[in-house]
Amino acid sequence: MDLIPAPLSATRPQTGEFVLDAGTTLNAEPGLEGVESWLRATLGAATGLPLRPGPGGVELSLDGSLGPEAYRLSVGPDGVRLTAGAPAGAFLGAQTLRQLLGPDAFRRAPLRRTGWALPYTEIEDAPRFGWRGMLLDVSRHFLPKADVLRYLDLMAAHKLNVLHLHLTDDQGWRIEIKRYPRLTEVGSWRDRSMVGFRDAKRHNEEPHGGFYTQDDLREIVAYADARHITVVPEIDLPGHAQAAVTAYPELGNTDVVDTAGLSVWTDWGVSDNVLNASDQTLRFFEGVLEEVLEIFPSEFVHIGGDECPKEQWRLSPAAQARIKELGLADEDELQSWFIRHFDSWLAERGRRAIGWDEILEGGLAPGAAVSSWRGYEGGVAAAKAGHDVVMCPEQHVYLDHRQGPGEDEPIPVGFVRTLEDVYRFEPVPPELTGLDDDGAAAARVIGTQANLWSEFANDARDIDFRIFPRLAAFAEVAWSDLPRDPAARDWTGFERRMATHYARLDALGVEYRPAAGPHPWQRRPGVLGRPAAGPGNS
């Protein structure tokens, strides 16, 4: 059956097939109308079959004894029975049903009218992790709304359920804030962009920008919700803020920098222009977050907290006075104070802060969670301290990093992480599983996430190349009950199943990196931001 991600169990107790045809019906219990509608529209488009309402064909039902994302799928002579613990589980089971129909079930129009056969099978399935995420960085390169919606569909097809939207950074502000219009009028566009590595200092001299209106984002949230995906917004604080400071210079450290002369940053990396620590700046970003909370109903709001240069605070009389006023030891404690303020502010409003692992350094409110990106260490420390953790170490699941060691990899940045490397990633490290705590610390790892940073991904074609096929391997790590020892995983079996999955990706129009290496168009100079020649690009 070559399912990806692999289910908990899949058997074929008898031979035979159930064939979907023009007379096949689709029926759902109350509460599953959304799944029924999605299944009828999606399979109807691919097969040309009407799948009219009625019993006896494909039937969707609920069973409260199952977990909310668990399902059972039975295909036999009497039809298809999909039973789930909640609508989310039914939707996830529908993804498996779609895979069983073959790659053409992933097309948007029928290539044939007959032959839609489902093998008799019994499948029981449930996810390993509740947070199965992907980060899209839409700040470094803006991604139009239609592309974001497409990636939500691709996530759903792989049973991923959290989209982390990185909406603000030095290089662009992408969310409309009505009380502060200059954030998008000024902060959403930069004059040019870097090409290649930071030491090359080449630029393409083309303006770049864009932003999402609040209604755009509400549409993204609703589209995601229909696919049982949660959208977690990120507003990065107090660093990664040059776009915001450019739009509103008073947010910067005006006693050491002429912030009125700044522009949205055109280099990659991390700008020294960070927020000041005044009460006015706190009120400003409370206002930003008030509008964010109105758009995004997610339990978690990501507040960044990473890579905050301290030089301006060291030189700023105002920052030094603030440190003294608050009784803090140094600039590091000032950053921690800043993060704790918004951690508490969100908690008072029934939300939970999540941030990159640097936020641990000053202590967190009990409900705050940590995205462990610099390795496992931050996640281990957070879990031992009683905080929830999303494991996303750059050494394993930063999908902007190169997929092979060859010279033909476009902008070959970061660690080499092949498809097999990602498949062998284990989110819960031995430092947590070997503790004498009845598994309490390990259980704090609520999930895992693959991150796509977009410095070297200009558009959806570039993103496709960087995340696929590795996102398929990651999806199996996040969903399936794989051996905890990475060496014990069935890589050969996964490779075999990927042969079928590539055909599904082809039908979906995904421009993935082939197993044999980049296509000629993917590796030629100028593609994926790679300059034609010169030092600093190898």
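Among contacts (heavy atoms within 4.5 Å) between residues at least 6 apart in sequence, 72% join residues at least 24 apart.

A word on the ground rules. This is a predicted model, where local features need pLDDT of at least 70, side-chain atom pairs count only at pLDDT 80 or more, and totals for chains, interfaces and linings use all residues. Residues are numbered from 1 along each chain as its sequence is written, and side-chain values use heavy atoms, with hydrogens and water left out.

On confidence, pLDDT is the predictor's own score for each residue, from 0 to 100. The chain averages 94, and 96% of the residues score at least 70. Residues 524-538 fall below 50, although that stretch has 43 contacts in the model beyond near neighbours in sequence. Where pLDDT is low, the predicted coordinates should not be read in detail.

Here are some whole-chain values:

| Item | Value |
|---|---|
| C-alpha span along the principal axes | about 80 × 55 × 45 Å |
| Buried share of the 538 residues | 60% |
| Accessible surface (Shrake-Rupley, 1.4 Å probe) | about 20,000 Å² |

Buried here means under 20% relative accessible area, exposed over 50%, and partly exposed in between, with a 1.4 Å probe and protein chains only. The chain holds 19 helices and 23 strands, taken as DSSP runs (H or I, at least four residues, for helices; E, at least two, for strands) and numbered from the N terminus.

Now for the inside. A nonpolar core is a set of buried Ala, Val, Leu, Ile, Met, Phe, Trp, Tyr and Cys residues joined through side-chain atoms within 4.5 Å. The largest one has 152 residues, and Val288 is one of those with the most contacts inside it. Beyond four places in sequence, valine 288 touches Trp173, Ile177, Tyr180, Leu183 and Ile235. Another core, of seven residues, lies apart from the largest one and includes Trp131 and Phe300.

Helix H3 covers residues 145-157 and reaches 19 Å from first C-alpha to last, close to the 18 Å expected (1.5 Å times one less than its number of residues). Tyr151 and Met155 are among its buried residues, and strand E10 (131-137) is part of what covers them. Methionine 134 sits in E10 and is buried, with a relative accessible area of 1%. Its contacts beyond four places in sequence include Tyr151 and Met155, along with Gln449 and Ala450. After H3 comes lysine 159, with a positive phi near 60°.
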